[in-house]
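Here are my notes on the model, as promised. Have a look at the structure first, then go through the points in order.

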Amino acid sequence: MSKKKSNLLSGSNKEPTANPAEVPVTSLSGVGPQMAAKLERLHVHNVQDVLFHLPHRYDDRTSVTEIGALLPNLSTVIIGQVELSQVVFGRRRSLLVRISDGTGSLTIRMFYFSRQQEKGFKRGHWVRCFGEARRGAKGFELIHPEYRVSAEKPEGGFEDTLKPVYPTTEGVSQTLWRKITEQALQDSLPHINELLTQSCLPPHLIDASNTVSLADAIKAIHRPAVGTDIASLRAATSQAHQRLIFEELLAHHFSLKKSRMDRETEIAMPLTLSKQRYADLLEQFGFELTNAQQRVCAEVSANLQLEKPMMRLVQGDVGSGKTVVAAQAILQAAETKVQSVLMAPTELLAEQHYQTLREWFEPLGLEVGWLASKTPAPQKRETLEKLRNGELLIAVGTHALIQESVEYRMLGLVVIDEQHRFGVDQRLALREKTPEGRAAHQLVMTATPIPRTLAMSFYADLDVSSIDELPPGRKTVDTVVIPSETKRQEVIERVRSACQQGRQVYWVCPLIDESEVLNAQAATDTEQELQIQLEGINVGLVHGRLKAAEKEQVMNAFRKAQIQVLVATTVIEVGVDVPNASLMIIENSERMGLAQLHQLRGRVGRGSEKSYCILLYRQPLGQHAKERLKTLRETNDGFVIAEKDLEMRGAGELLGTRQTGSLSFKIADILRDQALLPQIEPCAKLLAEAKPQNIDALIERWVGSREGYVNA
Ligand code: ADP
Ligand code: MG
């Protein structure tokens, strides 16, 4: 506090030599404990954080736009002469000032104004104002612009540099941001640690005459020099941006490497599986493993035999047979008398796994437990008890498996299916369940392939196995896109004819909104409609509101072909496997994501028959929806689809980390900046040789306290 007072008195930071990372924000004038708490929410704790809190856009008050050249929603400076000023009493009393500059005229409109302001707009005087032009009833209007009136015609804009606008939170004004960044730039920036060496920067950032130091880069972004091209700032292509982005990517790279190394020091239970038991399991499968499955099983098995925790991502397209890999790993754990959990994002998918694993494991004398939020209490109690005392070695379920009340005797393996639906927090929670001093092996399965550039940079800490081959006999699914308003009847006829040929059909209902109740209702309506239209054909219904036993009954009837048409909400998205189903209808496909549609479509094309997918949509189709449907029509390749998905949605969401922000960068954008990625690894090596002592500070600066999450 006393430090702050002295700042207030002297108007400057009294600790000129301190590393800004060690100077608390409260040392800045204007920042008291209350303001500090608000800044905290933006992860701004010290003066270095202030320096790294960069503008997300700029107001251009440098250039004057002629009224005749105005565009709607453009924020700009305008200079004009007052023609008319009057107070009008419409729905609201307002002051209207008409100004013109020879190319056109516009109206300034103010709802709050003083008598003095009203008198200030003298006819013939000049007004220089800054604001956002909007179309009004009579040409452009500026509502409450910033303005100055003068008798003489002013020259140029308000300022000769671009004005930074900062991302902020409630109660922290732009004025405050400008004030504290100004202090930080003046007093602390000169003392910021330059952590990179010139030799480790990629060539385009050390273009001889123009090496950008960290300090110069930060300065240039907070306070762009006169004449800076605003487009390069907006696109983050300025040298200054590139310099910072590069440093941030480098920091994330080191952070991943570091946590990978940390993990190497962790100890897990080594798991072993005898040849005989493995052979027993293979027998249960009832099919030959594909080469890809064999390879991945071997990779996983070898990993599990080590004392080092496995951290492996198994990616394989829908239907490539990932469950087999999970089963083998689980058996390996069970044989070592170590507990495993298999966790899936939806109850239906978890149930399917539960059934599958029981089929495979019970003949081997292994019990499989079940845990979901809807499990009846007595049964749940029993399962929990058995998990606590170690009697039960295998449990399948939803996130109920990681709730607080669940304790494990010796949890050694965690298998997570369809990882992109799980948040990082949930993976962290699982970690807490492992015995003291022991980490669990982790196997993560996803049908969403991680594009290579991303995998290299951000799964640098994960080992990745790919099942890049489908079991024999799989066929690509022909996909058509059809408007539902006009062609619904034809589609129903097609369903009838498929059923008459002994095939089965999935009909996926519209996604109304997030409400399970409404979705269930829509599915019920569709089922009734189809039952009337498809006389003599058995139509079944499954949705999220049914009891587990009811769902199971319907699914079993569909499996046994007692039901020909299965009407469903998107609950069947993952896991369900009925090879005789060869036609899939998806309603409102325009509202679903690419990955989801691909998953749904993956339910057909599993048998010997040619399969089809009909994507019904409602007009009008937005640009993105159009692109999504086109992608699906053109390809069956999950990899291509994932790349497209990534391109359209951004990396965070795809990686399932948007909620927790573990991959949220301060300035880099993994998609926009992917051209820099290949240079990260070699430059990191150079830095590690030249200045190994800087690496921790680099991580701390950019990744900071969130570091623990990156790997969770
Ligand atoms: P996904 O990778 O989508 O999770 P699953 O593990 O659910 O795929 O397998 C899809 C279907 O393919 C299941 O019915 C499974 O029994 C079957 N399957 C898996 N591997 C093979 C194989 N090598 N040969 C034949 N069928 C297989
Ligand atoms: Mg699966």
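1. Start with the surroundings of ligand 1: this is a predicted model, and in it 16 residues surround the ligand. The closest are E288, G319, K322, T323 and D577. Sorted by class, the shell has six charged, six polar and four nonpolar residues.

2. Now the polar contacts of ligand 1. On the nitrogen side, a polar backbone atom of E288 sits 2.8 Å from a nitrogen atom of the ligand. Q293 uses its side chain instead: an N or O atom there is 2.8 Å from a nitrogen atom of ligand 1. For an oxygen atom of ligand 1, look at S320, where a backbone N or O atom lies at 3.4 Å.

3. How much of ligand 1 does the protein cover? On its own the ligand has 560 Å² of accessible area, and the protein covers 82% of that.

4. Over to L534, which you'll find in the loop between α17 (516-533) and β18 (539-542). Is L534 buried or exposed? Its relative accessibility is 0%, so it counts as buried; the cut-off for that is under 20%.

5. Who does L534 touch, if you skip residues up to four places away in sequence? The list is I492, V495, R496 and V565.

Terms used: Residues are numbered from 1 along each chain as its sequence is written. Chains are lettered from A and ligands numbered from 1 in the order in which they are written. This is a predicted model: local features need pLDDT of at least 70, side-chain atom pairs count only at pLDDT 80 or more; totals for chains, interfaces and linings use all residues. Side-chain values use heavy atoms; hydrogens and water are left out. Helices (H or I, at least four residues) and strands (E, at least two) are DSSP runs, numbered from the N terminus. Buried means under 20% relative accessible area, exposed over 50%, partly exposed in between (1.4 Å probe, protein chains only). Contact means heavy atoms within 4.5 Å. A residue is near a molecule or strand if one of its heavy atoms lies within 4 Å of it. A polar contact is a pair of N or O atoms within 3.5 Å; within protein, one must be able to donate a hydrogen and the other to accept it, and residues adjacent in sequence count only if both atoms are side-chain atoms. Accessible areas come from the Shrake-Rupley method with a 1.4 Å probe; for residues, only the protein chains shown count as cover. Ala, Val, Leu, Ile, Met, Phe, Trp, Tyr, Cys and Pro count as nonpolar, Asp, Glu, Lys and Arg as charged, and the others, Gly among them, as polar.
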